Amino acid sequence: MTPVRIAMVGCGAIAELGHLPGAAVAPDVEVTVLIDRDEARARAMADRFGIAHVETDIARAADHAEAAIVALPPHLHRPAAETLFAAGLHVLMEKPLATSVADSDAMIAAAAKADRVLAVAMMRRFARSARYLKALIASDMLGPIRRYHAASGAADAWPSRSPFTFDAAQAGGGALISNGCHDVDLMLWLLGPIDTLAFRSDSDARMEGNCVLECRMRSGAEAIIEVSRTCTLSNEIRIEGERGVVIAPLMGEAITLLPHGASADLLPDVAPPPLQYAETMAAQLADFAAAVRGERAPIADGGTGRDMIALVERCYAEAKPLAFPWDVPVKIAVSA
Amino acid sequence: MNLQGKTAFVTGGSGFIGGRLIEVLRRQYGMRVKALVRGTTSAGGGAFRAAAAGAEIVFGSLLDEAVLSEALAGCDIVFHCAYGTHGSAAEQRKVTVDGTRLLAQTAAKLGIAHFIHLGTVSSYGGNTPALVPEDFVNPKLWAWPYAHDKLDGEAALAAAARGGNMPYTILRLGSVYGPYGAAFTTGPLGTMRRARLALVDQGEGVSSAVYVDDVIQAMLRAATKDGTGQIYMVRGPDTVTWRELYGAYDAMLGLDSLVAMTRDEMQRVRRGAWRKAVRKVVPEALVALKASPGFRAAAGALPLVRAGYARFGKKLLRPVAPVAAKRAVAADNREIVLVPEMMLDYFDNPSIFSIDKARNELGYEPAYSLAEGMALTEQWARWARLIP
């Protein structure tokens, strides 16, 4: 099968660390051109990943490719998508799909008008752990799900090449949309739609470092998602069903299942296998390639991305302050 | 200076103390805050913390005059929390000393009304009197580069401020702990989760522990006074030993991780570790060298020791526990981690640093006992999953 020829638009950290290593081990795609306004950066990456062409103008994408991965700051997603769809390319858009529902709708409309695929990079869905969770819940092995708790936090620096994540206008917000969108997506994918929600944030300007989303799902399950970009949290999901508990990494190769009545002593005291990151990214590209070939819809399409942005907008609109018990006003004691 | 409505420039804005200061300046004083952060590729949790509090993040180096000039324009006050933490000792010193000088010179040029500088009580060196007064000058400082660099940074500030007629104040801090603290909070907590921690001479040295919000109180009080170039010491209300400070973390973790060792015992452990490491790596080094295609060509010119060190240096430096400590507090086979040798004097120091001057002139009154500060720290540490 001829690989889908891909233009990589944007040569920042996720292209370098995620998409290009994934493409290198994905037989379904071939990255034929790197596009970045920083030509030297694009050329260095092209040399490193063995990619033939480099461009600085997105309008040249169609000269080399039939589809594109867009990994630009989120405020540039809509104009990039509209340009690419107009040129007849399919698009895998890095998360979040856009910075607003309005932009999401415009991108979905542009894709429909051009009859092209719009997929959104919810790459955690391609991790084995997420697949196991999906299968486990679909099988009803756990029984009705009562509680869902995801703690998602990383204090380590992400080697971003621009400061867009510090600008709500460019990023669309803070920890919730930049980091938590994966956690929200997994929750919606696994548990279905939300009934009611409460959102608390430590920022009054959509630049939250920490936030907590509490939801009651239509299924009746209670879900909590904690997101931090100031602290490294457990980075685990714990799901309690009527018949057992499952604990999974946010993205990994294995899950731990404890049916009620089973002893935790039976669990092996060995570290789980490390995440096969490039292979996970490759699985996402394989899914995109299948959609481009018309075999099936992508696992996360424009509608998926839009639903997530709608939820994020609702969270920001209804945000309440997140008050940590240790974050008390500084006591200015009276001097003796 | 009345801080309300003013604009502050905070260096080390992504750091522990700078981060907390920014939260307080924004929330309690409604100040505009610009925070200096080294670069986008190194901007982690601390920078996001500052951004969440509403600081404007300025990416750049303390050694870049253009960045500093632009950022300082329109500012009223500077809180200088940054110091060199990355790279070689020389690179760190450059940031701590030259960076402070450049910042002070630039701030003076732009008419900054007050420059608050953070120093360290470790700059007083060892063999200090039982009660160290603020103006104590020690002819013999420790061989700890950080302590030297911070002192030289203070001198650079003083010269630049006097030359530019800029008000300034220096606060020499004890061992600051609290949420997001690295050296005296996440560091020991992380170590004690996985290993035993050896404290020198029963851990009876005085830690000069101070909860971060007391440091912020001192900074705010200093900021509201005239900056007359005074030096103040800042520590908590109690005399807290290292055993008490780290014992609080032990209690949080529900472990018994502290091991008391004498300097001689520590020295024996270090020697034992060295011998064991050498016995392990020398055969490996020889195999690796033989396998190296460049080795034969380089062998004539490159000293063997240097080649071996370059290949295996990290292993050699990793402490191991070849002998059980004599006074280990529990039957526990975890690795024993030793305090770095150059910091032993700091951990062994019985002196109490006077805060009388800060009390009398700034009105500083530490508000957090060890128990109160640790209670807040524990709440944060549980949320940050540092405590299982």
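**Chains A and B of a predicted model**

Chain B contains 14 helices and 14 strands. The model is a predicted one. Of the 388 residues in chain B, 47% are buried. Among the contacts in chain B with a separation of 6 or more, 81% are made by residues 24 or more positions apart.

One helix of this chain, H14(B), can be followed in detail. Helix H14 of chain B covers residues 370-383, and its 14 residues should span 20 Å at 1.5 Å a residue; the end C-alpha atoms are 20 Å apart, which agrees with that expectation. An α-helix has 3.6 residues a turn, so residues three or four places apart point the same way. The buried residues of H14(B) are B:Leu370, B:Gly373, B:Met374, B:Leu376, B:Thr377, B:Glu378, B:Trp380, B:Ala381 and B:Trp383.

Chain A is assigned two domains: domain 1 comprises 4-122 + 283-300, and domain 2 comprises 128-274. The centres of domain 1 and domain 2 of chain A, taken over C-alpha atoms, are separated by 26 Å. To the contact between them, domain 1 of chain A gives nine residues and domain 2 of chain A gives 14 residues. On the side of domain 1 of chain A that touches domain 2, five residues are nonpolar, three are polar and one is charged.

Chain A also holds an open sheet of six strands, with parallel pairing and the order E3-E2-E1-E4-E5-E6. Strands E3 (53-55) and E6 (118-120) of chain A stand at the edges; each has a single partner strand, so one side of each is left without a neighbour in the sheet. On average, neighbouring strands of this sheet are turned by 25° against each other, direction ignored. A:Ile35 has A:Glu55 as its bridge partner in E3(A).

The two chains also meet: 32 residues of chain A are in contact with 29 residues of chain B. What is the make-up of the side of chain A that touches chain B? Its residues divide into 17 nonpolar, nine polar and six charged.

Note on methods:
Residues numbered from 1 in each chain as written. Chains lettered and ligands numbered in written order. Predicted model: local features only at pLDDT ≥ 70, side-chain atom pairs only at ≥ 80, totals over all residues. Pairing = 2+ DSSP bridges. Helix = DSSP H or I, 4+ residues; strand = E, 2+ residues; numbered from the N terminus. Axes fitted to C-alpha atoms, helices over the stretch in contact; angles between N-to-C directions. Expected span 1.5 Å × (residues − 1). Buried ≥ 20, exposed ≤ 12 C-beta atoms within 10 Å, placed from the backbone. Contact = placed C-beta atoms within 7 Å. Nonpolar A, V, L, I, M, F, W, Y, C, P; charged D, E, K, R; others polar. Domains from an automatic or database assignment.
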